[in-house]
Amino acid sequence: MLRSCLTLAILATFAASASAQPPLPGRTSLATNAPPNQPLSTRVVAYTIDAHVDVDKKTVDAAETLTYKNLTGMPLATFPFHLYLNAFQPDSTFTSETHFGGGIRDSLGANEYPPKNLGSIAIAHLEADGFGDLTGALHFIAPDDHNANDRTVAELALPHPLAPGDSITFRMKFHDQFPESVARNGYKRDFLMGGQWFPKVGVFWHGSWNCHQYHSTTEFFADFGTFNVSLTLPRNYTVGASGVPTGDRTNSDGTRTLSFYGEDIHDFAWAASPHFTVTNGTYLSSMGPVQVHVLALAAHPRAGQRYLNIMLASLKQFDDRYGPYPYKILTLIDPEPGSQMEGMEYPTLITGGTSWFQPTYETEIEAEHEFGHQYWYGMVATNEFEDAWLDEGINSYTEAAVTGAILGRDTSYFRHSWANLSDARLQYLEYIGVPNYDPVTRFAWQFRDSSSYAVITYGKSTMLLETLEGIVGKDTMDDAMRTYFMRFRFTHPTTEDFLRTIEEVAIRRGRATPTFPGPDCSQPAATRPNIVYPYYTPCGSYSIVGELPAPPPHIATGSALRPYFDQAVYGTRILDYAIDDISSDPAQWWLAQSTDKTLRNTVTVHRVGDFLLPVTLEVVFSDGSRLRDSWDPASPANNGNDRWHTFTYLRDASIVSAEIDPDHTVMLDVSQFNNSRTVKANPVPARKLTNIWMSWLQLSSQLAGWFV
């Protein structure tokens, strides 16, 4: 009864005076907090789907209407469609890659394909207004690997091209067979997750169709538009979905039909379970109120409030740091334990993950991470097939910052009296596993294997951005991240768009210099050469952050940050610096009775890896004094690629310790244990580890004694 009342309450919030149809022109948006008549995105697609879910057979039968507006400036003779559910077949590219190279969420190492993991999507009928029945013109293609057995992309050839500016309306009927819990999709017991469940048109991008096959390490890419979706299923099921709820109709056959509407989104997902409990809250963003709608399993009685708390805190952090969340709702789903549907993002809907015993903040971290995708995947909407790091990497970087602000900089993963660990540190430990097989910019399905994809796309991306923050300064990096989000939200930017934004902001704030000549600003504007500068206004200033104009097409590229980008973003070099040796000896060593107490102190720094980056050295002396020095192995004075350098200091005090990167900002360094050296050993860490080990040994012995 409580769940029914809460469901009615949230429906009333969004649809007290609205029907299940999208709002008419001139009306305030039903789904976003945008001003009237001001769409947030360029709306290319409009989907209307009426789906009937069979919870016993785990199938969906649906009718889909898709209107596509040709804004490409070119005639379109073909249309490709993603049919993601066909990946769950033994001869698909997804399954082959998962079997031989591993998967992010799945492992199919055995020499058999479990029948329960079979999934499929079939288009039974397809026609287009003005074009007639086109079902027979639909055929499968495999643009990435030419696997004739892969059916995750279908192409439709039109009888005649669609002219620029015109629209086409497709009408199709399709049938889904859900697998048991594979790669974000399917069912687990009586829980169903409809992710990537309908035929979805590709994106015409950079002059051609972009519609990749479904791979074991790839996610998704789609155009913005509107979604009007109805789902019919048994009455005892509670549903969470993308967009806002617009209707709940009870049917005479024991089912109910729920309607949802979303706009300025590029996908639609839903989850259903008879075991959801509802926890609601509201966040007042800088654009308007946001309903936070949590559907947690009854088996996790404390999860609902934990999810709600971290969502409210995350909304505020992102609003303050990067920009507003513009939608009127955010729905969080708590999926069945042991499923492959945990920790996933869709527009305005995310899935979390929790368990009955959890001595860490994993519930909060996973929920925050998926919420962060609402910004980098949901609104900025980069191509996750080709530039996965722009979503997963940037999101992992912002995750470390946001969870640190909410849960404590050093305690955001767990906090106990005997130890603590931060989310950022955990990501570093993951990064150093296999840091050098692939560049972060590699297409997602072309990584060496799933382990390299995960380490590089998530871990290395985070570390290279944290290192970049150390180079340009936190304020500059924060400015650049907000500028990037505000400028490129509801578009599909590339790696260079992101890097040029950082360069532009760093140059404007005086934290980087352009590698092309600037004008003489002391001269009158009329006498200066008419040159377009790509990253900044050389003799002027910008308006407030968030209102920066997009840079004009650049005729010159580069800044002092480019060598770093070339190595960290586009390359695979390893960064590792070490303190090789420290010494303190009498300067006049040949005089046995010398009264001169001057010591010759030396510190030798070794560039162990092949990454070239200036480093800071801090030396502590026995008289309590400290000094800092720097070494740039790429400097012409150091032959451009020196491997080592010895610093010499003549002082009356001896060296106590020496440390590279004393502010701990060079997070790309794969071995931080060799970054410092002391004259005397510090026994405290060894004692602490010994005490922890002995405590666990005693506890284990007591537990073992109960079974003897």
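Trainee: What kind of model is it, and how are residues numbered?

Mentor: It is a predicted model, in which local features need pLDDT of at least 70 and side-chain atom pairs count only at pLDDT 80 or more, while totals for chains, interfaces and linings use all residues. Residues are numbered from 1 along each chain as its sequence is written, and side-chain values use heavy atoms, with hydrogens and water left out.

Trainee: Start with helix 5 and helix 7. At what angle do they cross?

Mentor: Roughly 55°, with the axes of helix 5 (residues 392-407) and helix 7 (residues 450-472) coming within 8 Å. That makes helix 5 oblique to helix 7. Angles under 35 degrees count as roughly parallel, over 145 as roughly antiparallel, 65 to 115 as roughly perpendicular, and the rest as oblique. Axes are lines fitted to C-alpha atoms, for helices over the stretch in contact, and angles run from 0 to 180 degrees between N-to-C directions. Helices (H or I, at least four residues) and strands (E, at least two) are DSSP runs numbered from the N terminus.

Trainee: Is the crossing of helix 5 and helix 7 left-handed or right-handed?

Mentor: Right-handed. A crossing gets that label if the near helix is turned clockwise from the far one by less than a right angle, and is left-handed if anticlockwise.

Trainee: Which residues meet there?

Mentor: On the helix 5 side, Glu392, Gly393, Ile394, Ser396, Tyr397 and Ala400; on the helix 7 side, Tyr453, Thr457, Tyr458, Ser461, Thr462, Leu465, Glu466 and Glu469. Contact means heavy atoms within 4.5 Å. By class, this contact of helix 5 with helix 7 has six nonpolar, five polar and three charged residues. Ala, Val, Leu, Ile, Met, Phe, Trp, Tyr, Cys and Pro count as nonpolar, Asp, Glu, Lys and Arg as charged, and the others, Gly among them, as polar.

Trainee: And helix 6 with helix 7, what angle?

Mentor: Their axes cross at roughly 120° and come within 9 Å. That makes helix 6 oblique to helix 7. The crossing of helix 6 and helix 7 is left-handed. Residues of helix 6 in this contact include Tyr428 and Glu430, and those of helix 7 include Tyr458 and Glu466.

Trainee: What about helix 7 and helix 8, how do the axes cross?

Mentor: Also at roughly 120°, coming within 6 Å. Helix 7 and helix 8 are therefore oblique to each other. Leu465, Leu468, Glu469 and Val472 in helix 7 meet Lys474, Thr476 and Met477 in helix 8.

Trainee: Switching topic. What volume does the largest pocket have?

Mentor: About 1,100 Å³. Of its 36 lining residues, the closest to the centre are Arg409, Asp410, Ala424, Glu466 and His664. On a 1 Å grid over the protein atoms alone, a pocket is an open set of points with protein on both sides within 12 Å along at least five of seven lines, a cavity is a set where a 1.4 Å probe fits but cannot get out, and lining residues have an atom within 4 Å of a point. Grid points are joined across faces, edges and corners, and a volume is the space filled by probe spheres set on the points.

Trainee: Which element gives the most to that lining?

Mentor: Helix 5, with five residues. The lining of the largest pocket has 11 nonpolar, 13 polar and 12 charged residues.
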